[in-house]
Amino acid sequence: MVHEWSLADALLKYVATVYGTNIKTLRLRVGVLQSIDKEILLFSIRELAGLHNIRVGEVVIEEEEARFKCSRCGYEWTFKPEEFNSETREAVHFMPEAVYAFTKCPACGSRDFKIVKGRGLEIAEVVKY
Amino acid sequence: MKGLKKNFLVLSSKGGVGKSTISTLLAFYAAERNLKVGLIDLDFTNPSTHIILGVNPVEVTYTEDKGLFPHKVGGLSYITPVAFTKDLPLPLRGESVSKALLELLSILRLDGLEYLVIDTPPGLGDEHMDLMYKLGDLVKPLVVSTPSILSLGSVKRMIHLLKEANVGEVFLVENMGDGKLVELAKELGVVYLGYIPYYPGFDKCLGSLEGLRNCPIRGFFENILGKITQDA
C-alpha cells in the first residue's frame with residue numbers, strides 16, 4: 001500500500017473535524033503532478049471511513065492537469081509527469097515541491113515558477129447528509 | 001506525534017548558530033542510548049543534517065507502508081528532503097515551503113518512536129508559523145543561541161513570539177558558549193538546558209558516525225540529553 005493511504009487518512013480526519021461524520025458526497029480533485037493512484041486512494045478512503053466510523057456516501061475523484069506559470073517571464077505550460085523518470089516521479093509523488101529541483105521554465109530557464117493547478121489532492125466539495 | 005513522549009522543535013531565528021548540529025547530535029546520541037528517536041530535517045532549501053551524519057543523499061530510501069517509514073542511520077530514524085531532491089538545489093518560495101512541510105508531516109509514519117527532533121531553517125517565516133501554530137503543544141521548542149549579541153537580539157524576539165503563542169515550556173541551548181546564558185534564560189523565563197563549548201576541531205567530528213561517536217565534546221550533548229529525557 002503506497003502513501004495514498006496516509007493521504008486518505010489525513011483527508012478523512014480533516015473532513016470529520018470540519019464537516020462531521022455523515023458525508024453524503026465527497027468530491028476530490030487530484031492533480032496529476034503527484035501521480036496519485038485514484039483506485040488506491042478510493043480504496044483507502046472506503047477502508048479508513050469504515051475503521052473510523054465515518055459515513056461517506058458518494059466519492060467523486062476528478063483528475064486535474066498540472067499547469068505551471070513562470071514568475072519571471074509569465075510563460076504558462078502544462079506539465080506531464082511522464083517527462084520524468086520513475087525515480088524522479090516517485091520523489092515528486094511524495095513531495096510535489098521537489099519538482100522545483102527538476103524543472104525550469106521552458107521559455108526563459110527560470111526556476112521561479114508557480115504551480116497554478118494540479119499539485120495534488122484537494123477537496124472540491126463536501127455535501128453533508 | 002501525539003503518541004510520542006516528546007517532540008522537540010529546534011529553532012533559532014538567527015542563522016549559523018548550530019541548529020542542525022545540535023538537532024543531529026542530540027538525536028544521534030539519543031539513538032546511541034538505544035532510545036527510539038527520529039530526526040526530521042525541515043530545512044528544505046538548505047538541508048545539512050545528512051552532511052553531519054555522513055549520509056549520501058542518493059542512498060536515502062524510505063520504506064512505504066500506508067505512509068513513509070524513515071530511513072535508518074544506525075539506530076536513528078531519519079527523514080531528510082535530500083532523499084527527494086537528490087541534493088539538487090531546491091529554490092522554494094515561502095508558500096511552497098509551507099506546502100512541502102505539511103505534505104511531509106502528513107505522510108510520515110512515526111510508529112514505535114519515543115522522541116522526535118525536528119530541525120528547522122533559520123528565520124521567522126512561513127514554516128515557523130506553520131510549526132508553531134499548527135503543531136502547538138505537540139512540540140517543545142528548543143531554541144539555540146550563541147552568546148554573540150548578534151544571535152541574542154534575534155533569539156529574544158523569537159522567544160517573545162513563542163511565549164505569546166502559549167506553546168508552554170521553552171528550552172534554551174547555548175552553543176559555542178561557556179554557560180553565560182543561564183542568567184538570560186532566567187530573565188526570559190525559559191529552561192536553560194546547558195551549553196556546548198566552542199571547539200576548534202569540531203569539523204573533524206562531522207561527516208561520519210565514528211567521528212560523531214568519538215567527538216571530544218560529546219559529553220556536553222549527553223548532559224543536555226540527560227535533562228530532556230529524564231522525566232519522560
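Analyst: Let's take the labels one by one.

This is a predicted model, where local features need pLDDT of at least 70, side-chain atom pairs count only at pLDDT 80 or more, and totals for chains, interfaces and linings use all residues. Residues are numbered from 1 along each chain as its sequence is written, while chains are lettered from A and ligands numbered from 1 in the order in which they are written.

User: How do you know what the confidence of chain A is?

Analyst: The pLDDT is the predictor's confidence in each residue, from 0 to 100. Chain A averages 93, and 98% of its residues score at least 70.

User: What makes something a helix or a strand, and how many does chain A have?

Analyst: Both are DSSP runs, numbered from the N terminus: helices are H or I with at least four residues, strands are E with at least two. By that count chain A has four helices and six strands. Along the sequence they come as α-β-α-β-β-β-α-α-β-β.

User: Why are β3 and β4 of chain A called paired?

Analyst: Two strands pair if DSSP finds at least two bridges between them. Strand β3 (residues 66-70) and β4 of chain A have four bridges, in the antiparallel sense, so they pass the cut-off of at least two.

User: Why are α1 and α9 of chain B called roughly perpendicular?

Analyst: Angles run from 0 to 180 degrees between N-to-C directions, using lines fitted to C-alpha atoms, for helices over the stretch in contact. Under 35 degrees counts as roughly parallel, over 145 as roughly antiparallel, 65 to 115 as roughly perpendicular and the rest as oblique. α1(B) and α9(B) pack at about 75°, with their axes 10 Å apart, so the label is roughly perpendicular.

User: Which residues make that contact?

Analyst: Contact means C-beta atoms, placed from the backbone, within 7 Å. α1(B) brings B:L25, B:L26, B:Y29 and B:A30, while α9(B) brings B:R218, B:F221, B:E222, B:I224, B:L225 and B:T229.

User: How many residues do chain A and chain B bring to their contact?

Analyst: Chain A gives 17 residues and chain B gives 20. The largest share of chain A's side, four residues, comes from α1(A).

User: Finally, what makes a residue buried, and what percentage of chain A is?

Analyst: A residue is buried if 20 or more other C-beta atoms lie within 10 Å of its own, exposed if 12 or fewer, and partly exposed in between, with C-beta atoms placed from the backbone. Buried residues make up 36% of the 129 residues in chain A.

Terms used:
Two residues are in contact if their C-beta atoms, placed from the backbone, lie within 7 Å.
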